[in-house]
Amino acid sequence: MYSILLVDDEKMELDTLSRYVPWDAMDIAVAGTAKNGREALELAKTLDPDIILTDVRMPIMDGLEFAKRAKQHSKRVKIVFLSGHDEFQYIKAAIAVEASGYLLKPIDLDELRQLMEKVKLKCDEARLAEQTIAMAKEKLLRALFLEPGDDAREEAAAKLLRMDGMPELLRGPLKVASLSVAWTGDDGGSASGEQTPKQLEASITEAVRARLKALGFAGGLIDGEYGDFAALFPAADPRNDEALWTGLQREMAASFPVRLTIGLSRPGERPEDAYALLKEARAAAEHAFYVGKGALIRADAVREPSTGEVGVEAYQAALIRAIGQLKPDEAEGEIDRFMEELKTRRVHRHPARAAAVRLLSGVKHQLGQAVKDAEAAGPVRGEWDLMNGCEVLGDIGDCLKQACGSLILVLSEKDRDRHLGIARSIEAIIARDYPLPLTVEDIAKEVYLSPNYIRTIFKEKTGRTILEAITDMRMARASALLADRSLKIHEIAGRVGYENVSYFCSLFHKTAGVTPNQYRKQFY
């Protein structure tokens with residue numbers, strides 16, 4: 001469908017145009033209306049319509065001046081003039097601003113339909129041309145970012161500088177931003193190893209582009225294959241300051257269950273420097289390993305990671321003592337101190353994982369029989385298998401806490417009935433509070449135990465995680481609420497604890513295999 005902006009200073013004429021002309025039958029949607037050229041110009045920038053139907057004579061800014069400015073903003077927009085004055089000077093002026101047509105008042109509907117068919121063909125041609133140019137620009141930008149050869153990048157830069165609108169974006173000091181999208185769990189934590197649904201991934205890609213444009217980004221953007229993006233932009237342009245990138249992070253987090261990590265390079269002088277600048281921006285973004293996903297990290301604010309070996313003996317002794325005494329809080333505190341050392345020293349991810357493996361292996365070795373009992377109770381993942389799935393430093397700490405929690409659980413097996421009671425209490429809390437923004441931490445406070453301890457107990461007793469139990473409860477309730485057709489989808493989402501309707505629909509589809517609307521049609 002095509003979009004049209006209607007502009008006329010006569011209220012009756014504007015109402016007639018918007019309400020009584022059968023635009024739908026012409027495959028055209030009215031995007032907006034305006035009563036003068038100045039108001040229409042602001043709407044044109046916001047709505048980006050395919051077609052503008054405007055009166056010629058209007059106060060404040062006439063149709064001819066408005067059309068000229070609208071064309072400056074969007075070369076592909078098609079202008080059709082409307083006037084009660086069949087005079088040569090208006091037709092001549094309309095031709096001067098590349099008008100696609102000219103209609104006289106009162107409008108003849110047959111004449112309007114015939115003209116719109118011609119205008120839509122021109123819109124198709126403009127869209128195709130715009131897509132072709134955009135594809136060519138993106139291909140050349142991709143070469144700047146990814147081609148290791150100097151000659152290939154110089155050739156791409158030379159071609160880009162000859163393209164419309166590119167010289168002002170590629171001259172002067174330039175920066176590169178590396179954007180990486182990370183899928184998050186329901187509690188906002190990292191969901192290591194979990195794949196983003198393809199449909200949602202496509203929506204996220206479109207959203208990054210649309211939101212950057214809406215925020216005023218002045219530069220070029222390419223997207224990669226694994227939820228990452230690279231942006232090249234003028235460093236001195238105030239539209240591209242850090243507020244733009246933090247604004248993008250906030251908007252993406254508000255609309256999708258994702259966190260956007262952004263690394264910013266230092267300035268470079270030439271477009272050909274984009275290859276090296278992207279490496280620098282990606283290296284900066286990798287420091288999210290220490291601060292967590294969703295950070296904005298400047299290359300000039302990070303230091304080189306340490307690759308030295310980390311001593312773990314003191315931590316091992318303290319952990320073995322805490323586990324042997326069945327003190328999960330002390331064990332977690334010791335792990336927190338170990339993680340803080342890794343963070344403070346900025347230990348590189350590989351030696352950090354290796355240190356965690358040595359720590360956990362040493363603890364298991366000293367607790368030999370307890371480990372054998374744990375293995376006998378069910379499959380136990382190896383230390384390297386656990387740590388290789390950790391994308392950020394916090395994940396390593398969580399894995400250590402869960403592993404140590406499991407060992408404490410085995411050692412306290414004699415208290416099996418108490419643990420079953422705890423699991424039942426957790427289920428009762430979930431059944432009661434699922435409509436609220438419920439977290440594992442909230443439940444832990446109510447049962448007077450640590451979050452990681454109750455995670456271990458609940459998983460061992462029920463075979464599923466606490467977050468899975470919350471999600472299952474919410475989805476079951478949502479399925480029942482769909483029977484009430486008076487309830488809108490966003491109301492149902494709110495009643496089962498989800499403020500973000502897009503995320504609720506995505507999660508429902510993942511659970512039920514159909515969207516909420518499809519489920520309602522199928523069963524109710």
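The following questions and answers concern a predicted model.

Q: Why is D55 called buried?
A: Buried means under 20% relative accessible area. D55 has 6% relative accessibility, so D55 counts as buried.

Q: Where does D55 lie, and which residues does D55 touch, leaving aside those up to four places away in sequence?
A: D55 is found in strand β3, residues 51–55. With contact taken as heavy atoms within 4.5 Å, D55 touches V7, D8, D9, G63, L82, S83 and K105. In an unreviewed entry, UniProt lists D55 as "modified residue: 4-aspartylphosphate".

Q: What makes β2 and β5 edge strands?
A: The open sheet has 5 strands in the order β2-β1-β3-β4-β5, with parallel pairing. Both β2 (28–34) and β5 (101–104) pair on one side only. From one strand to the next, the twist averages 20°.

Q: How do you know that β1 and β2 pair?
A: Pairing requires at least two bridges between two strands. Strand β1 (residues 2–7) and β2 have 6 bridges, in the parallel sense, and therefore meet the criterion of at least two. V7 stands opposite A34 in β2. Helix α2 (residues 37–47) packs on the sheet and touches β1, β2 and β3; the direction of α2 makes about 140° with that of β2.

Q: What is the span of helix α23, and what span is expected at 1.5 Å a residue?
A: Helix α23 (residues 501–512) has 12 residues and reaches 16 Å from its first C-alpha to its last, close to the 16 Å expected.

Notes. Residues numbered from 1 in each chain as written. Predicted model: local features only at pLDDT ≥ 70, side-chain atom pairs only at ≥ 80, totals over all residues. Heavy atoms only, no water. UniProt positions renumbered as here; feature names shortened; annotations may be inferred. Helix = DSSP H or I, 4+ residues; strand = E, 2+ residues; numbered from the N terminus. Buried < 20%, exposed > 50% of the residue type's maximum accessible area, 1.4 Å probe, protein only. Expected span 1.5 Å × (residues − 1). Axes fitted to C-alpha atoms, helices over the stretch in contact; angles between N-to-C directions.
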